[in-house]
Structures are given as structure tokens and as C-alpha cells.
Amino acid sequence: MGTMDESELCVSECSRCPALVDSRSRIVNGTGPEDADVLFVGEGPGAQEDSEGEPFVGRSGSVLDDGLRSVGLIREDVRITNCVRCRPPENRDPSTEELENCRGYLEREIDLLDPEIIVTLGKVPSEHLLGRSVAVTKEAGSIEEIRIDGTPRRVLLCVHPAATLYDRSQEDTFTDALARAAELAGVDGDGGSGQTRLDGF
């Protein structure tokens, strides 16, 4: 596969959602390698993401970074994006219409990236990609095969990193889902001390 230009994964201009255009200071595109095996999908940028122009850079981002490290991944190895690329006013959930307006950008990113596994962080992205209601705390760690634009994709449901800040009991749920993602992407999650999953390498 030829190298693709990062600009193919990015949206530079969009005015489909008037409320989001008014509340954003910039469009927040996904970050991470164009050939990442794991794609994390969040809901949308918050205030800090909007100011820094990168997804998951606030407290939730720190939780995500720590969780990734604990399973043998680092932020630089994965791609992180959102269902909507502009901050909703007052950090409200994006509306169905806003999610649909941004859906094409997300599908294009998934198509170009062709990840081994898509990890949804929280209820909104889980429901958006699966097209059904999701009890995310109960279903975290489960994998669903879905089709996105005709292509089969594996989606791993995960609680939002912020859930662990409000409810300590979610920490294991969160880490277990990340460990499953690392395993599916072929990362040996125990820091290399135990059995590697690739026998003979």
C-alpha cells in the first residue's frame, strides 16, 4: 500500500453543523499513524481538545495514556479520533444529525486506516457505530463484527476513560478492554516478560 498523505485523513473545512461551527475554535482531527492497527473512537472534542487541536488530551487522555501503557501500547502506536470533530456547546452530546453529518469523515478515516480493531470509548461512539442501544458498562470488552461501508470490521466496546475517574470499579473493565485490543492487534501486553504470541519469532 502506498503511503498516504495525512491530509487525506483530515478535515480542513466543514460547516455542516451550525451549532458546532459556532462553538468550536477549530476542527479536531484524529491523531496517530496512518497504518495503526488499533483505532480508538471517542464522542467529540471537549474544551481542552478544542484548544489543543488533538483528541483525548485532558484528564481522560491521561487515563487513556496510562491504560495503553499498562497493556504494552503507547499513544504514538494507535490512532485516536472522534465521532464528531468539532466541540459541541457546553460539552453536550452530539445530536443524531451532527453525528450523521460527520459520519462520512469517520468512515473515510476507517477505510483509509483499515485497522485490525476499532475500539469505541463510551456509549455515544458504541451506539453510533453499532446502530443500536448499548449498555456500555455491561458490554465493555465484547467484540462485534459489523459492516462499515460494506467492509467487515471488528468493534471492541470499551467504557469511556472518564468513567474510571468517577467510578473506580470501572478501572478493571477499562484496562481489560484495552488488553483485549492489544491482543487483537498482536501486541504482547505483558511488557515482553512472558510468552510472546508469535511462536518462533
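## Glutamate 145

Glutamate 145 is exposed: its relative accessible area is 58%, over the 50% that the class requires. The structure is a predicted model. Strand β4, which covers residues 143-148, contains glutamate 145.

Once neighbours within four places in sequence are set aside, Arg153 and Arg154 are the contacts of glutamate 145. Leucine 156 lies eleven residues from glutamate 145 along the chain, and the C-alpha atoms of the two are separated by 9.0 Å.

## Arginine 153

One of the contacts of glutamate 145, arginine 153, belongs to strand β5, residues 151-158. Is arginine 153 buried or exposed? With a relative accessible area of 5%, arginine 153 is buried, because the limit for that class is under 20%.

Which residues does arginine 153 touch, apart from neighbours within four places in sequence? Its contacts include the acidic residues Asp111, Asp114, Glu144 and Glu145. Ile110, Pro115, Ile118, Ile146 and Ile148 are also in contact with arginine 153.

## Fold and dimensions

The protein contains eight helices and five strands. Read from the N terminus, the order of elements is α-β-α-α-β-α-β-α-α-β-β-α-α. The radius of gyration is 16 Å, close to the 17 Å given by the globule rule for 201 residues, so the protein is as compact as a globular protein of that length. Along the principal axes, the C-alpha atoms fill a box of roughly 55 × 45 × 30 Å.

Among contacts with a separation of 6 or more, 69% are between residues 24 or more positions apart. Buried residues make up 46% of the 201 in the protein.

## Surface and charge

The accessible surface amounts to about 10,000 Å², and carbon and sulfur atoms account for 44% of that area. How many positive and negative side chains does the protein have? There are 21 positive and 40 negative side chains, and the centres of the two sets are 3 Å apart.

## Confidence

The average pLDDT of the protein is 91, and 91% of the residues score at least 70. In residues 189-201 the pLDDT is below 50; this stretch makes twelve contacts in the model beyond near neighbours in sequence.

Note on methods:
Residues numbered from 1 in each chain as written. Predicted model: local features only at pLDDT ≥ 70, side-chain atom pairs only at ≥ 80, totals over all residues. Heavy atoms only, no water. Helix = DSSP H or I, 4+ residues; strand = E, 2+ residues; numbered from the N terminus. Rg over C-alpha atoms; globule rule 2.2 N^0.38 Å. Buried < 20%, exposed > 50% of the residue type's maximum accessible area, 1.4 Å probe, protein only. Contact = heavy atoms within 4.5 Å. Areas by Shrake-Rupley, 256 points an atom, 1.4 Å probe, with all protein chains shown as cover. Charge placed at Lys NZ, Arg CZ, Asp CG, Glu CD. pLDDT = per-residue confidence, 0-100.
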